[in-house]
Amino acid sequence: RSTLHHRAVERVKSLVPPSDGRYVALSVSLGARAIESRKVSDSYSDSGASHLLAVSGMHVGVVFLLLNLLLLPLSLFWRGNIVRAVVVVAMVWVYVALCGYPTSAIRAAIMFSVLQLSYIAKSRHLPENSLCATAFIMLAFDPYMLFELSFELSFVAVMAILFIARPIISAVHCRGFVGGIVDALAISTACVVSTAPLVSNSFGVVSLLSIVVTPLALVTSQVIIVCNIAALVLPEAVARITAQSAAWCGTVQNSIVEWFVSTGFGY
């Protein structure tokens, strides 16, 4: 797995010259802990948005949705849904391998695999059950994972989305652009509030800026993921363009985070 992860990172590095944008793009899309600028690292830490630099459920979810959209025509053929499900699940795990198997990505991959397979079985999918089954599988494989901060943050955040953000979103019931803003704020607020005790205990600081910064940075993060994945599979001439686009989005994301930190609000 380390070889696969290393080769993916080196491929992107060969396409784009060194910059803060490239370092952030590598962290967001492939989980490469390569932020060499202390200023950038501190900005994300001060804004409470450090989680954006690690591959999480959001990143795996982007890959999951993209694969389902690209393979949607398979549903028109006999047994096409089964083929699509198998390919999607396999490629999601390939992406997790490319990122070096971080805990949050493994959790998300298991949940999305269960979700995809439930479509084949035409059964009702309960995310709460999937979350519990995922925790059981991961802890059966490695019980000591329970004491890892990444494991704790990952599951607490998902529980907050399911039991806090989801009821709020259902109660407000907005659609369109306003609905997207409400959903993003509800999710980010639930995650920040629920993980605040863990973050405070581990790092000694909690920043409310994350409530606002996270929804904005999610837009650039999604573009970064798509562009860098494309850079891994496309010919070099085209891959260079997509990798540079990812680095540019990383620069934009850095600017957003640094601007919010400069306001001095949120602690």
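**Reading the model**

Modeller: Tyr101 sits in the loop between H5 and H6. Helices (H or I, at least four residues) and strands (E, at least two) are DSSP runs, numbered from the N terminus. This is a predicted model, in which local features need pLDDT of at least 70 and side-chain atom pairs count only at pLDDT 80 or more, while totals for chains, interfaces and linings use all residues. Residues are numbered from 1 along each chain as its sequence is written, and side-chain values use heavy atoms, leaving out hydrogens and water.

Colleague: What is the phi of Tyr101?

Modeller: Tyr101 has a positive phi of about 60°, although this residue is not a glycine.

Colleague: Is Tyr101 exposed or partly exposed?

Modeller: Buried means under 20% relative accessible area, exposed over 50%, and partly exposed in between (1.4 Å probe, protein chains only). Tyr101 has 31% relative accessibility, so it counts as partly exposed. His173, in the loop between helix H8 (149-172) and H9, is exposed at 55%. Leu209 lies in the loop between helix H9 (176-203) and H10, and with a relative accessible area of 4% this leucine is buried.

Colleague: How far apart are Leu209 and Ser47 in sequence and in space?

Modeller: They are 162 residues apart in sequence, while their C-alpha atoms are 5.3 Å apart. For His173 and Asp183, 10 residues apart along the chain, the C-alpha separation is 9.2 Å. Over the protein chain, 69% of the contacts between residues at least 6 apart in sequence join residues at least 24 apart; a contact means heavy atoms within 4.5 Å.

Colleague: How many helices and strands does the protein chain have?

Modeller: There are 11 helices and 0 strands. Buried residues make up 42% of the 267 residues in the protein chain.

Colleague: What is the radius of gyration of the protein chain?

Modeller: This radius is taken over C-alpha atoms, and the globule rule is 2.2 Å times the number of residues to the power 0.38. A compact globule of 267 residues would come near 18 Å, and the protein chain has 19 Å, which agrees. Along its principal axes, the C-alpha trace spans about 55 × 50 × 45 Å.

Colleague: How many residues of helix H2 are buried?

Modeller: Of the 11 residues of H2 (residues 20-30), 10 are buried, so this helix is largely enclosed by the rest of the structure. Among the buried ones are Arg22, Tyr23, Ser27 and Leu30.

Colleague: Which residues touch the most other members of the largest nonpolar core?

Modeller: In soluble globular proteins, nonpolar side chains tend to be buried together. A nonpolar core is a set of buried Ala, Val, Leu, Ile, Met, Phe, Trp, Tyr and Cys residues joined through side-chain atoms within 4.5 Å. In the largest one, of 45 residues, they are Tyr44, Val92, Tyr95 and Met138. Helix H6 (residues 103-121) gives the most to this core, with 7 residues. Leaving aside residues up to four places away in sequence, Tyr95 touches Val28, Ser29, Val55, His59, Val60, Val63, Ile225 and Ile229. A second, separate core of 7 residues includes Val12, Leu26, Leu30 and Ala32.

Colleague: What is the volume of the second largest pocket?

Modeller: On a 1 Å grid over the protein atoms alone, a pocket is an open set of points where a 1.4 Å probe fits, with protein on both sides within 12 Å along at least five of seven lines; lining residues have an atom within 4 Å of a point. Points are joined across faces, edges and corners, and the volume is the space filled by probe spheres set on them. Here the volume is about 290 Å³. Of the 13 lining residues, Val63, Leu67, Met91, Ile229 and Val233 are the closest to the centre of the second largest pocket. H10 gives the most to this lining, with 5 residues.

Colleague: Where is Leu67?

Modeller: Leu67 is in helix H4 and is buried, with a relative accessible area of 15%. Not counting residues up to four places away in sequence, Leu67 touches Val88, Met91 and Val92.
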